[in-house]
Amino acid sequence: MRKSVINSPSLRLPSSLPLRARFASTTRPRPPTPALTSKPSSIRPASGPERGSRHQFAAYSSTDSSRQGNSSLPPANDTIYALSTAPGKAGIAVLRISGPSCLDIYKALCPRKPVPQPRYAAVRTLYAPRAPTDRAIVLDTEAVVLHFPSPNTVTGEDVLELHVHGGTATVKAVLAAVARCPSRHRIRYAEAGEFTKRAFVNNRLDLAQIEALSDALAAETEQQRRAAVRGNSGALGKTYEGWRQQLLLARGEIEALIDFSEDQHFDESQAELLENVVSQIDAIVDSIHLHELASQKSELLRNGIRIALVGPPNAGKSSLMNLIVGREASIVSGEAGTTRDIVEASLDIRGFLCSFADTAGFRSLSSTTNLQGDFAPVGAIEEEGIRRAKEKARNSDIIVAVASVETGPAGPVIHYDQETLNLATDAESFLVIVNKKDSVNPETFQRLMDDFQGVLSKASPRLGAAVPITISCKEAQKPYLKAKDPGGVGAVIDALDVTFSNMTSMPVDMQDLIGVTERQRQLLIKCRHHLEEFMLEAQPEEDGVDADSVLAAEYLRYAADCLARITGNGEAGDVEDVLGVVFEKFCVGK
């Protein structure tokens, strides 16, 4: 017997209420349904803007002035301006103006000069506004002016761009002049992200594209830039909107069957209709799973890949990290246990943002600092460092297990830590590195590596299949060596690059999924849960009782609302909350 969802806290629908009353208890009131003049199965939701869409937001922001101060959306009649290039001295500075007063500003700054042809650059001399003709003050000579008429502009409004000389005084003078231009509408300096916000209101961008734009502005590595470009293509927004429309159509069919089954003839029974809808929903759920997976990969690109260097004391972890990072991030000493706390450093490795963590060497309370038998018990500070190292390793994306060639009572051996190998086995990705290969002759080293490979195979099949990378941090620190890769540290970087690519790659036909953000993933998870509840509710009872179509339709509404919040087509409160989160990351001028 499938579980009952009648008493679910999110629904609370008393089954004893009449059909329309049950809907009214959970949905917004609907106008009376007109008499049907065609087959009910052809009923579709209205094609115009839905309640709470950004189209109605734009109308609301320009008409309801009493609430403009509390709304996160900009007043539509204001003309905004800002410096779009970085502040400071430069050859060129770009001032962007958007709103209904663009031509008024142009006529005030460039009197007696015709308006440039749309989307064509023109050289103009800018004058201070409101000054007498015989005492005109020149602000900038040979400024480049471009005019972009609405609606096909970045904001959907009239846009004017002034490309002026980038001196600090010139930029200040032109910005002050723009504010003094006579106009029928208010002219003010733009708030952070307000240009992008107007693009959203005027349907030039959806929230998925806006998040990608924010990522593009924050991108520091090549892979971050590529992920942002994928998200800004608009493909994700179209996909989510397509799913939403599909859910709305399915919900319309189910509601038509619920409301008018007694008055109209339907080609499909309730069971057949729900079965057809379930097959469509199942395909959407499978696609959502792919988007969730892609989100995890894209988060690695945005936030960086976490790498933990673990191993026994004095194996060369700190030296290896310094060589990769290119600076002395960790203290290097021949004394075992030098690193007591976690030392982290971030860098760009071939387009991937990485965060390295050098950790304390692992050893138990009864272990020794070297292989000669000199006991040195583990103190409280070192024990805490080892605990933190283990925790850091478990939370990392890649574990680099470092071993080293050391001289023991019976001769040279490869010194490793068994707990380090166990952590590497449990990790999603790992590398095994053997340091100090220069301390023995090649024949002895090959024998030691053969024995160590047997240790890895015994530890786990995954470790046994891995090929350890052999290095010498000592040789890598000798710049006079003429070898192409002295010490073999370059091979470590090559292996990390391959690992990064495997962790973040997607098939060619799914590259756009790299643009899925964490916010979108959370909403997709909620959407998937609602769709799974729908499929559960749409199944008939084991005792032959028909499925509850009312609850099934409600789950479709909840799922569609989650998709609407991704693109910005949701309810008023939802959209305004999301706008505040998304746009707060933008700088002024965007």
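Strands here, like helices, are DSSP runs numbered from the N terminus, with at least two residues of type E for a strand and at least four of type H or I for a helix.

Before going on, a word on what we have. This is a predicted model, in which local features need pLDDT of at least 70, side-chain atom pairs count only at pLDDT 80 or more, and totals for chains, interfaces and linings use all residues. Residues are numbered from 1 along each chain as its sequence is written, and side-chain values use heavy atoms, with hydrogens and water left out.

Now the overview. The chain has 19 helices and 13 strands. Of its 590 residues, 49% are buried, where buried means under 20% relative accessible area, exposed over 50%, and partly exposed in between, using a 1.4 Å probe and protein chains only. Among contacts with a separation of 6 or more, 70% link residues 24 or more positions apart; a contact means heavy atoms within 4.5 Å.

Back to the strands. β7 covers residues 305–310, and five of its six residues are buried, so the rest of the structure largely encloses this strand. On one side of the bookkeeping, β7 pairs with β9 (residues 352–358) in the parallel sense over five bridges; two strands pair if DSSP finds at least two bridges between them. There, I305 stands opposite C354. β7 also pairs with β10 (residues 398–408), again in the parallel sense, over four bridges.

How many residues of β12 (residues 429–435) are buried? Seven of the seven, so β12 is largely enclosed by the rest of the structure. S429, L431, I433 and N435 point one way, F430, V432 and V434 the other way, and all are buried. β12 then runs parallel to β13 (residues 469–470), joined by two bridges, and I433 stands opposite I469 there.

You'll find R124 in strand β3 (residues 122–127). R124 is buried yet has no salt bridge, and the nearest side chain of opposite charge, E142, is 12 Å away. For the record, a salt bridge needs a side-chain nitrogen of Lys or Arg within 4 Å of a carboxyl oxygen of Asp or Glu; Lys and Arg count as positive, Asp and Glu as negative, and His and the chain ends are not counted. What does lie by the R124 side chain is the backbone oxygen of P114, 3.0 Å from one of its polar atoms. Leaving out residues up to four places away in sequence, R124 touches several others, including Y106, C110, D140 and V145.

Last, some backbone geometry. Most residues other than glycine have a negative phi, and most peptide bonds are trans. The bond from S150 to P151 is cis, with omega near 5 degrees, and P151 sits in the loop between β4 (138–148) and β5 (159–165). N203 has a positive phi, near 65 degrees, in the loop between α5 (194–201) and α6 (207–218). N203 counts as partly exposed because its relative accessibility is 40%. N314 has a phi near 65 degrees too, and lies in the loop between β7 and α10 (317–325). At 32% relative accessibility, N314 counts as partly exposed.

Thanks, everyone!

Definitions and conventions
A polar contact is a pair of N or O atoms within 3.5 Å; within protein, one must be able to donate a hydrogen and the other to accept it, and residues adjacent in sequence count only if both atoms are side-chain atoms.
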